[in-house]
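The structure is shown first.

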Amino acid sequence: MKTKVGIIGGGPSGLMLSQLLDLQGIDNIVLERQSREYVLGRIRAGVLEHGFAKLMRVAKCGDRMDAEGELHDGFFIAENGVKRRIDLAGHTGGNSVVVYGQTELTRDLYEAREKMGGNVIHNIDDVEFFDLKSDAPYLTYKRGDEINRIDCDFIIGADGFHGPSRKAIPKDVLREYEKVYPFGWLGVMSQTKPVSPELIYSKSNRGFALCSMRSQVLSRYYIQVPLTDTVDDWSDDAFWAELKLRLPTAEAAALETGPSIEKSIAPLRSFVAEPMRYGNLFLAGDAAHIVPPTGAKGLNSAASDIYYLYHGMLAHYKNGDDTGLEQYSEKALARVWKAQRFSWWMTSLLHTFPDNNAFDDKMQKTDMEYLFSSEAALTSLAENYVGLPF
Ligand code: FAD
Ligand code: DHB
């Protein structure tokens with residue numbers, strides 16, 4: 001097979017790029033290891049920056065998001081039972097975020113690809129990369145017993161943190177930066193009314209908790225847990241009891257509980273791979289960078305990669321101008337590192353760190369006190385949370 005752009009990974013990054021390119025008549029193929037049902041079964045992000053929402057509209061996939069997504073112009077930070085609001089709109093000249101689940105967004109992208117007759121090939125494996133430094137790179141993959149080959153101009157590695165694309169960059173070229181946190185998040189989805197109309201990020205002596213939502217009848221809650229815990233260690237009752245202990249009294253009393261419809265544990269990690277381009281292979285999204293989820297920046301960091309890549313490809317195919325592609329890695333990384341800084345900072349502010357000493361505890365306490373005593377600090381938090389421009 002021959003195409004212009006071969007995209008590995010049918011998550012939000014790969015599907016979004018595929019849709020944007022197709023709308024401009026740029027032929028592409030998406031290769032996804034899992035089935036569509038499996039991809040849509042993963043519960044992940046819930047908070048979108050407006051930059052991402054705008055890209056959904058450019059991709060002609062924004063109708064349901066605009067109808068069903070909720071605009072949030074503030075959220076709460078609670079500290080040992082005391083809840084204070086971050087006025088996002090007030091500190092950013094009217095900006096907000098959109099609460100719309102990654103599952104729904106991915107469904108919208110799949111449906112749009114299907115409507116346009118996009119080529120998304122599922123259940124593939126063993127992707128291998130060839131001649132990445134040449135003008136005619138190609139890849140091979142296995143589907144069933146068959147080995148297939150795709151010749152293309154560019155290959156996009158949008159295959160998430162565990163995918164093979166990043167590993168195709170030689171070790172003496174790739175530089176990796178990583179921080180692993182000594183805890184994970186246990187997440188529960190339940191068909192219950194959210195305890196608060198706006199998200200609550202709660203720091204307590206028992207550890208961090210987050211109250212989020214997908215709609216007014218679907219709640220998403222998280223608690224910080226040790227890395228040694230497994231989902232089987234947490235019955236629904238144990239989860240609700242622990243969550244209540246980490247929330248302010250009013251929210252603990254009002255919390256509507258119910259059976260979990262999904263329960264999973266995600267470890268927390270900061271990770272960046274540089275450069276994001278090797279020859280004609282371009283990395284995008286989680287394939288190149290991971291943030292701890294505290295600032296809701298993972299999916300949103302993928303959005304700027306896709307925006308830069310899309311415009312770079314457009315300039316290449318429409319005007320023969322390669323400046324955008326040449327600058328891709330540098331431009332994408334500049335924004336990625338700012339999202340990394342913010343996610344690391346919010347994680348450091350709100351979690352209980354088992355190895356912290358008395359000095360570290362004082363720093364964390366002072367960080368919170370400073371935040372709520374300074375309009376400049378609140379503005380910094382708000383402008384990062386709603387999303388830096390790209
Ligand atoms: P992925 O979604 O990982 O997609 C990569 C795709 O590649 C997958 O479908 C995978 O099956 C496929 N693949 C892997 N290997 C291969 C292979 N060998 N061949 C072919 N295909 C392959 N982000 C936010 O912005 N806001 C939030 O509120 C937020 N909350 C989160 C909460 C949790 C609990 C978690 C875990 C993450 C959260 N994130 C959040 C992060 C967000 O989900 C990710 O950043 C996002 O999924 C990245 O999209 P992606 O398309 O780059 O990668
Ligand atoms: C959600 C996840 C996050 O990491 C976050 O910061 C906010 C919301 C969520 O899944 O709803």
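## Basis of the description

The shell around ligand 1 comprises 13 nonpolar, twelve polar and seven charged residues. In this classification Ala, Val, Leu, Ile, Met, Phe, Trp, Tyr, Cys and Pro are nonpolar, Asp, Glu, Lys and Arg are charged, and the others, Gly among them, are polar.

The model is predicted, so local features are reported only at pLDDT of at least 70 and side-chain atom pairs only at pLDDT 80 or more, while totals for chains, interfaces and linings use all residues. Residues are numbered from 1 along each chain as its sequence is written, chains are lettered from A and ligands numbered from 1 in the order in which they are written, and side-chain values use heavy atoms, with hydrogens and water left out.

## Surroundings of ligand 1

Ligand 1 is surrounded by 32 residues, of which S13, E32, R42, Q102 and L299 are the closest; a residue is counted as near if one of its heavy atoms lies within 4 Å. Two helices, α1 (12-23) and α9 (298-319), each contribute at least two residues to this shell. The largest contribution comes from α9, with three residues. Helices (H or I, at least four residues) and strands (E, at least two) are DSSP runs, numbered from the N terminus.

Polar contacts are pairs of N or O atoms within 3.5 Å; within protein, one atom must be able to donate a hydrogen and the other to accept it, and residues adjacent in sequence count only if both atoms are side-chain atoms. An oxygen atom of ligand 1 lies 2.7 Å from a polar backbone atom of L299. For G298, the distance from a polar backbone atom to an oxygen atom of the ligand is 3.3 Å, and for V47 it is 3.5 Å. The protein covers 89% of the 1000 Å² of accessible area that ligand 1 has on its own; such areas come from the Shrake-Rupley method with a 1.4 Å probe, and for residues only the protein chains shown count as cover.

An N or O atom in the side chain of Y201 is 2.7 Å from an oxygen atom of ligand 2. Backbone N or O atoms also approach oxygen atoms of this ligand, at 3.2 Å in T294 and at 3.4 Å in R44. Taken alone, ligand 2 exposes 290 Å², of which the protein buries 96%.

## Helix packing

The axes of α9 and α11 (residues 328-350) come within 10 Å and cross at roughly 165°. The two helices are therefore roughly antiparallel. Their crossing is right-handed. Axes are lines fitted to C-alpha atoms, for helices over the stretch in contact, with angles running from 0 to 180 degrees between N-to-C directions. Angles under 35 degrees count as roughly parallel, over 145 as roughly antiparallel, 65 to 115 as roughly perpendicular and the rest as oblique.

Helix α1 has its axis within 10 Å of that of α3 (residues 50-58), and the two cross at roughly 40°. This pair is therefore oblique, with a left-handed crossing. A crossing is left-handed if the near helix is turned anticlockwise from the far one by less than a right angle, and right-handed if clockwise.

## Local backbone features

The peptide bond from E274 to P275 is cis, with omega near -5°. P275 belongs to the loop between β17 (260-274) and β18 (277-278).

N123, a residue other than glycine, has a positive phi, near 55°. N123 is located in the loop that joins β8 (119-121) and β9 (125-130).
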